Amino acid sequence: MASIATRIAYGDALKELLQEDENIVVLDADLAGSTKSAEAKKVDPARHFDMGIAEGNMMSVAAGLAASGKIAFASTFAMFATGRGFEQIRNSIGYPHLNVKVCASHAGISVGEDGASHQCIEDINLMRGIPGMTVVVPCDYNEAKQAVRAIAYHEGPCYVRLGRSGVEEVTPEGYQFELGKGVVLKEGTKVALVATGSMVQESLKACELLDFEPTVVNIHTIKPIDRELIVELANSHDLIVTCEEHSIIGGLGSAVAEVMAEAGCPCKLARVGVQDVFGESGKPKELFETYGLDPQSIANVVKNNL
Amino acid sequence: MKNIELEKHANSIRKSIVTEVFYAQSGHPGGSLGAADIITSLYFEELDINDENLDSVDRDRFVLSKGHASPALYAAFAEKGWIEKEELKTFRHLGSRLQGHPSMRLLPGVDMSTGSLGQGISCAVGMALANKLDKNDHRIYTLCGDGECQEGQVWEAIMAAAHHKLDNLCIIIDNNNLQIDGKVEDVMSIYPLDEKMKAFNCHVIEIDGHDFDQIRAAFKEARETKGQPTVIIAKTVKGKGVSFMENQAGWHGVAPNEEQYHAAIKELEAC
Ligand SMILES: Cc1ncc(C[n+]2csc(CCOP(=O)(O)OP(=O)(O)O)c2C)c(N)n1
Ligand SMILES: [Mg+2]
């Protein structure tokens, strides 16, 4: 099966968008080759600004471009986009509700060997907390490409979380990405695995380790979250297991817990994710196993909570 | 220490750097090789760090603000005998103390966890302030990349260091004129660096960062400078010592393959 990183889709989508729309501009912070924003340069170098290693400045410059009528894509690693640039995103982009699309790559622990300083497991939490921010975590190339195109024309600030490592294509043929709408990939019983990003693949594999067929859902839009679908899942299953390559605090698991609690759902919840610890250097696969994100760990959480 | 001995240590450190990155098949050879002479000079001459006080804060300290040059730091530790050379091969592997970017909680001797550019220099300012409060005469050294100087935080740190007259702080800028996306002057110019640092009330010294006499003299001048921090702008060659890596932005964060690894070691052995 093809294994492509979602950041590749970002570069390809940008190329198309720049060709189609002269209003689109792109910014990066000395990581244009890695985030794939450099693809935009191939179309029009004048609309690609490498701002150097200065992420905070980049975010507010993007805000200025957007306040002048441009649609600004701003990219760097997730750690430095949402970490270093947080307050600029919040106050220069979020508060005035500007058309800045923060597309950050190398999110999560699958960054691998760079280690904890570069493994951003807090970005969903940070971005989700900003009023008016749309947060999307695509799971594969096909979905990422469609998502980038969709958020380009979705009014207001958006955050797209992209990965460094190759991931298998799991979206079905003819798949149509719809912002805010969760996707049921497998209809099963008892347990619903509710996953986002790279954990969609891991959840699908976890099914093979169980002696029953669970439901598998891809929640690509963390904000606004698909309340209707989550309540429906909670009412028709005994257990929901959220799966994310992110801290269990403040990400998908938290968003799902909020919906379930407020709706008064009787269903049990378990969260697969990074358990409030920092990561470390290692190969992505080893890290998934060590930090409990691999299919076996998901299957174990299912068994232990049923 | 005689220059010839320093050169021997630096050469050995360079071989270790290449070995670490090769066995990890990941990491940053360019900026590590380019900083090898400065780091050798620091650990073999300038810093008062030894086997006994390695674990203590009651000594000089060094913050590798450009944390991606961790292979150079670990190689220096191995050269000092603080870690086994064999351990270098665990660099960036699961469970290793030799993280992709230095972690002070895992490896004794690492004075600050770094990796996010721009922060280490501020941490060094904090250490220098603490030493002033404690009225000791330990010195704080930090090594920053020239691309790193694009971070606003670097200038905030320099402003604070000068404001507090931190003459116990020595900031070294590894001026190889390269970053990831290309030449520093093409991506986002930081120049004129010397005049900017002077305008921020720093004492500025410009040197060849591969000349041990000049590095030694600069450290001495920094020690003798009172009432302001010293910034040493060290002109370096990124990838220094491995000809095919020299001055190539492409070797910033790429590991050599087997053939390149052997070629690099052979070239360093011929020195
Ligand atoms: C805040 C932050 N932004 C981006 C990066 C990614 N990054 C790692 S090294 C590097 C380039 C560094 O260039 P320079 O400071 O000149 O280092 P050197 O040339 O000495 O390797 C970048 C952008 C980072 N580590 N930290
Ligand atoms: Mg440089």
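Contact here means heavy atoms within 4.5 Å. The model is predicted.

## Surroundings of B:His252

In chain B, the loop between strand S5 (230-235) and helix H9 (258-269) holds B:His252. Leaving aside neighbours within four places in sequence, B:His252 is in contact with B:Gly27, B:His28, B:Pro29 and B:Gly30, and also with B:His68, B:Ile180 and B:Lys238. With B:Lys238 there is a polar contact between side chains, at 2.8 Å.

Is B:His252 buried or exposed? Its relative accessible area is 10%, and the cut-off for buried is under 20%, so B:His252 counts as buried.

## Extent of the interface

The interface of chain B and chain A brings 24 residues of chain B into contact with 23 residues of chain A. About 1,900 Å² is buried between the two chains, and carbon and sulfur atoms account for 44% of it. On the side of chain B, the residues that lose the most area to chain A are B:Leu94, B:Glu151 and B:Asp181; together they make up 31% of what that side buries.

## Polar and charged pairs

Between chain B and chain A there are two salt bridges. One of them pairs the side chains of A:Arg84 and B:Glu151, with an N to O distance of 3.0 Å. B:Glu151 is also among the residues of chain B that lose the most area to chain A.

Polar contacts across this interface number 16 residue pairs, with both residues at pLDDT 80 or more. The side of chain B that touches chain A consists of 15 polar, five nonpolar and four charged residues.

Definitions and conventions
Residues numbered from 1 in each chain as written. Chains lettered and ligands numbered in written order. Predicted model: local features only at pLDDT ≥ 70, side-chain atom pairs only at ≥ 80, totals over all residues. Heavy atoms only, no water. Buried area = accessible area lost by both parts, 1.4 Å probe. Salt bridge = Lys/Arg side-chain N within 4 Å of Asp/Glu carboxyl O. Polar contact = N/O pair within 3.5 Å; in protein donor to acceptor, adjacent residues only side chain to side chain. Nonpolar A, V, L, I, M, F, W, Y, C, P; charged D, E, K, R; others polar. Helix = DSSP H or I, 4+ residues; strand = E, 2+ residues; numbered from the N terminus. Buried < 20%, exposed > 50% of the residue type's maximum accessible area, 1.4 Å probe, protein only.
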